[in-house]
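The exercises below are to be worked with the sequence and the coordinates at hand. Each task is followed by a solution in steps.

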Amino acid sequence: MKYTVAIVGRPNVGKSTLFNKLVGDRLSIVKDEPGVTRDRLYREMEWSGKEFILVDTGGLEPRTEDFMMAKIKQQAQVAIDEADVIIFLVDGKAGITGLDEDVATVLRKQDKKVVVAVNKIDNYMRDQENIFEFYGLGFEEVIGISGEHKTNLGDLLDAVINKF
Ligand code: GDP
Ligand code: MG
């Protein structure tokens, strides 16, 4: 049985960008507006000899603000059900939002392994202080990354496969 790793987070934190950088192609559509990715995307990948299936959960993103809360919970729930490890992606430029807290609440209710990835830490020296507030979401492992600049993605993957 292969492990499944799901990238979960509110719209626009950079899930599809990270997914694309990790799998090394452009399967997932990246756009500025939330709700652009239509379907969940699954790709097999390998890191340090461990094979797993990576999931971009963006396909379950809400199309309108009205349904955002309900949908984000549903998205996180679906990912929780099928994932062995969850990459909980947040936006280090935006800080913690109410939707991040909603996702965290859903994730905490289940006994799933979670790595918090604080995205958009584009310049580590400059932006690293933005990472620390995310410990407040209540998960032990918090790693600053930049999907766009491919920064610290190796550390993120190490943390993920160590949880298998
Ligand atoms: P998703 O809705 O979570 O799938 O987010 P997307 O991957 O579609 O990205 C949303 C926006 O964030 C896009 O404008 C991306 O270019 C931008 N973005 C993604 N990763 C990074 C990053 O590491 N740094 C910065 N500065 N922007 C990023
Ligand atoms: Mg997306």
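## Exercise 1: Surroundings of Asp127

Leaving out residues up to four places away in sequence, Asp127 touches Lys120, Ile121 and Asp122. The model is a predicted one.

Task: State which helix holds Asp127 and whether Asp127 is buried or exposed.

Solution. 
1. Asp127 belongs to helix α4.
2. The cut-off for a buried residue is a relative accessible area under 20%. Asp127 has 7% relative accessibility and therefore counts as buried.
3. A polar contact of 2.7 Å joins the side chain of Asp127 to the side chain of Arg126.

## Exercise 2: Asp91 and Lys120

Task: Lys120, listed above as a contact of Asp127, also takes part in a salt bridge with Asp91.

Solution. 
1. Asp91 is buried, at 7% relative accessibility, whereas Lys120 is partly exposed, at 24%.

## Exercise 3: Other salt bridges

Task: The whole structure contains seven salt bridges. Describe the one between Glu51 and Lys2 and the one between Lys163 and Glu141.

Solution. 
1. In the pair Glu51 and Lys2, the closest N and O atoms are 3.6 Å apart. Glu51 sits in strand β3 and Lys2 in the segment before β1, so that distant parts of the chain, 49 residues apart, are linked.
2. Both residues are partly exposed: Glu51 has 49% relative accessibility and Lys2 has 31%.
3. A network of salt bridges links Lys2, Glu44 and Glu51.
4. For Lys163 and Glu141 the N to O distance is 3.0 Å. Here the segment after α5, with Lys163, is linked to the loop between α4 and β6 (142-144), with Glu141, over 22 residues.
5. Lys163 is partly exposed at 23% relative accessibility, and Glu141 is partly exposed at 27%.

## Exercise 4: The nonpolar cores

Task: Which residues of the largest nonpolar core touch the most other members, and which element gives the largest share?

Solution. 
1. This core has 23 residues, and those touching the most other members are Leu18, Leu54, Ile87, Ile145 and Leu156.
2. Two or more residues each come from β1 (3-8), α1 (15-23), β3 (50-56), β4 (85-91), β5 (113-119) and α5 (153-161).
3. The largest share, six residues, is that of α5.
4. Take Ile87 as an example. Setting aside neighbours within four places in sequence, Ile87 contacts Val5, Ala6, Ile7, Val8, Leu18, Val115, Ala117, Leu156 and Val160.
5. Another core, of 22 residues, lies apart from this one; Ala79, Val103, Val118 and Ile121 are among its members.

## Exercise 5: Helix α1

Task: Why is α1 described as largely enclosed by the rest of the structure, and which of its residues are buried?

Solution. 
1. Eight of the nine residues of α1 are buried, so the helix is largely enclosed by the rest of the structure.
2. The buried residues are Lys15, Ser16, Thr17, Leu18, Phe19, Asn20, Leu22 and Val23.
3. Gly24 follows α1 and has a positive phi, near 80°.

Terms used: Residues are numbered from 1 along each chain as its sequence is written. Chains are lettered from A and ligands numbered from 1 in the order in which they are written. This is a predicted model: local features need pLDDT of at least 70, side-chain atom pairs count only at pLDDT 80 or more; totals for chains, interfaces and linings use all residues. Side-chain values use heavy atoms; hydrogens and water are left out. A nonpolar core is a set of buried Ala, Val, Leu, Ile, Met, Phe, Trp, Tyr and Cys residues joined through side-chain atoms within 4.5 Å. Buried means under 20% relative accessible area, exposed over 50%, partly exposed in between (1.4 Å probe, protein chains only). Helices (H or I, at least four residues) and strands (E, at least two) are DSSP runs, numbered from the N terminus. Contact means heavy atoms within 4.5 Å. A salt bridge is a side-chain nitrogen of Lys or Arg within 4 Å of a carboxyl oxygen of Asp or Glu. A polar contact is a pair of N or O atoms within 3.5 Å; within protein, one must be able to donate a hydrogen and the other to accept it, and residues adjacent in sequence count only if both atoms are side-chain atoms.
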